[in-house]
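Please read each point with the coordinates open beside it.

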Amino acid sequence: MTGNRVFIFDTTLRDGEQSPGCSMTVHEKLGMARKLADLGVDIMEAGFPIASEGDFEAVRAVAAEHPDIKVAALCRATKLDIERAADALKGAKKARIHTFIATSDIHLQYKLKKSRQQVLEEAVKAVQLARQYCDDVEFSAEDATRTDADYLEQISVAVVDAGATTVNLPDTVGWSVPHEYAALIGRMVKSFGDRAILSVHCHDDLGLAVANSIAAVQAGARQIECTVNGIGERAGNCSLEEIVAAFAVRKDQLPFETGINLKELYPASQLLSSLITFGPQPNKAIVGENAFAHEAGIHQDGYLKHRATYEIIPPESVGVPEGRLVLGKHSGRHALNDRCADLGYQLTREQLDEVYHRFIALADRKKGVRNDEISGIIRQVIANAAAAD
Ligand code: KIV
Ligand code: ZN
């Protein structure tokens, strides 16, 4: 184990990007990768190179631009996939090949039509091949939480023996509950100890992805796979902002360290929202528009007397701009430009002019303009500019 340091493996650009409404161009992925670097993630999973030319290029370009950050490429446990991932990572200074195969009986029977023995052998062969290209190899047992635990242990130990440096046990369908997941992770940590890092990757189908990831870390996992705004397949993945904020705010209960710069959480969330087709829901913890809004009279009264009565996290500590609720028609271009930067946007002069005109038109009709309204204007202006190019 690595003490209490937990590695943050960001998969916004892969698991997040592959979900509906979230696809990004290589250029957009590069923009988001810069923000992930500001955030201080330990590993960026930039794509699934065999899936498309775009994914291949994204992995290559992100690795070229970020030599000091580990960049991962996903591949199935096949020769072709692994070689394509290795090719995309060829110039990378810090590379990881992330290979996976499903291990649950339901996937073996209906999807892969393979026996447990066959899958075990393919997993070992895949890791051995990946190790020929890269010293850092992660193996994921897809649908681990619905896999027979004895078989999961057998395959986990076998891939570590074959050279896997990280073993990821995903809750692929968001099936597990915290105490159950913790027991599974604890058993595997015991089984291969310090020989590999145990990673968790939780989906949010029952709204338990963050809780399950925390339980797993308490049981000995030291890598969390997560995404900005919790985007990802179906109900999404473990939300990066929620889990790192939980570690920061509840250190008394969760004495774990990450390398995340909390002040970049809100700008990262805003930038992602501008690149994909939706933002976080208003009541989303940490980054939602209402996460720090106090509406009820009793709450406002308590808050004004002492912030901590109703606020457990200072909004500025997670990068929420001060006074974010109101910019009005008397706000100048300069203040608006600062707010755009706080929201994660770098605008050209022409774009800022256009945003300013639309902002003033809206502010004329309303008492104050909220951040989500400003972000909406910016997104429209950026989209119009792209369409005109
Ligand atoms: O959810 C999952 O199992 C995955 C793996 C490919 C890691 O995304
Ligand atoms: Zn996933």
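1. A charge is taken to sit over a ring if NZ of Lys or CZ of Arg is within 6 Å of the ring centre and within 35 degrees of the ring normal. In this predicted model, the charged end of Arg84 meets that description over the ring of Phe56, at 3.8 Å from the ring centre.

2. A word on conventions. The model is predicted, so that local features need pLDDT of at least 70 and side-chain atom pairs count only at pLDDT 80 or more, while totals for chains, interfaces and linings use all residues. Residues are numbered from 1 along each chain as its sequence is written, chains are lettered from A and ligands numbered from 1 in the order in which they are written, and side-chain values use heavy atoms, with hydrogens and water left out.

3. Which residues are around ligand 1? They are Arg14, Asp15, His98, Phe100, Ser140, Glu142, Asn168, Pro170, Thr172, His201 and His203, where a residue counts as near if one of its heavy atoms lies within 4 Å of the molecule. This shell divides into two nonpolar, six polar and three charged residues; in that scheme Ala, Val, Leu, Ile, Met, Phe, Trp, Tyr, Cys and Pro are nonpolar, Asp, Glu, Lys and Arg are charged, and the others, Gly among them, are polar.

4. Polar contacts to the ligand deserve a separate look, the term meaning a pair of N or O atoms within 3.5 Å (within protein, one must be able to donate a hydrogen and the other to accept it, and residues adjacent in sequence count only if both atoms are side-chain atoms). A side-chain N or O atom of Thr172 is 2.7 Å from an oxygen atom of ligand 1, the side chain of Arg14 has an N or O atom 3.0 Å from a ligand oxygen, and a polar side-chain atom of Asp15 also lies 3.0 Å from an oxygen atom of ligand 1. Taken alone, ligand 1 exposes 260 Å², of which the protein buries 94%; accessible areas come from the Shrake-Rupley method with a 1.4 Å probe, and for residues only the protein chains shown count as cover. Helix 1 (12-16), strand 4 (95-102) and strand 5 (137-142) are the elements that give two or more residues to the shell, helices (H or I, at least four residues) and strands (E, at least two) being DSSP runs numbered from the N terminus.

5. The aromatic pairs come next, where rings of Phe, Tyr and Trp (its six-membered ring) pair if their centres lie within 6.5 Å, and planes under 30 degrees apart count as stacked, over 60 as edge-to-face and the rest as tilted. By this rule there are two aromatic pairs. The pair of Phe48 and Phe100 is edge-to-face because the ring centres are 6.3 Å apart and the planes stand at 65°. This pair links distant parts of the chain, with Phe48 in the loop between strand 2 (43-47) and helix 3 (53-65) and Phe100 in strand 4, 52 residues apart. Phe48 is buried at a relative accessible area of 17%, and Phe100 is likewise buried at 17% (buried means under 20% relative accessible area, exposed over 50%, partly exposed in between, with a 1.4 Å probe and protein chains only).

6. Two backbone angles may be worth checking. Asn229, in the loop between strand 8 (223-226) and helix 10 (240-249), has a positive phi near 60° although it is not a glycine, and is buried at 10%. Ile286, in the loop between helix 11 (265-275) and helix 12 (297-305), has a positive phi near 70°, again in a residue other than glycine, and is buried at 8%.

7. Finally, a buried helical position. Met188, in helix 8 (residues 178-192), is buried at 0% relative accessibility, and its C-alpha is 8.6 Å from that of Leu152, 36 residues apart in sequence.
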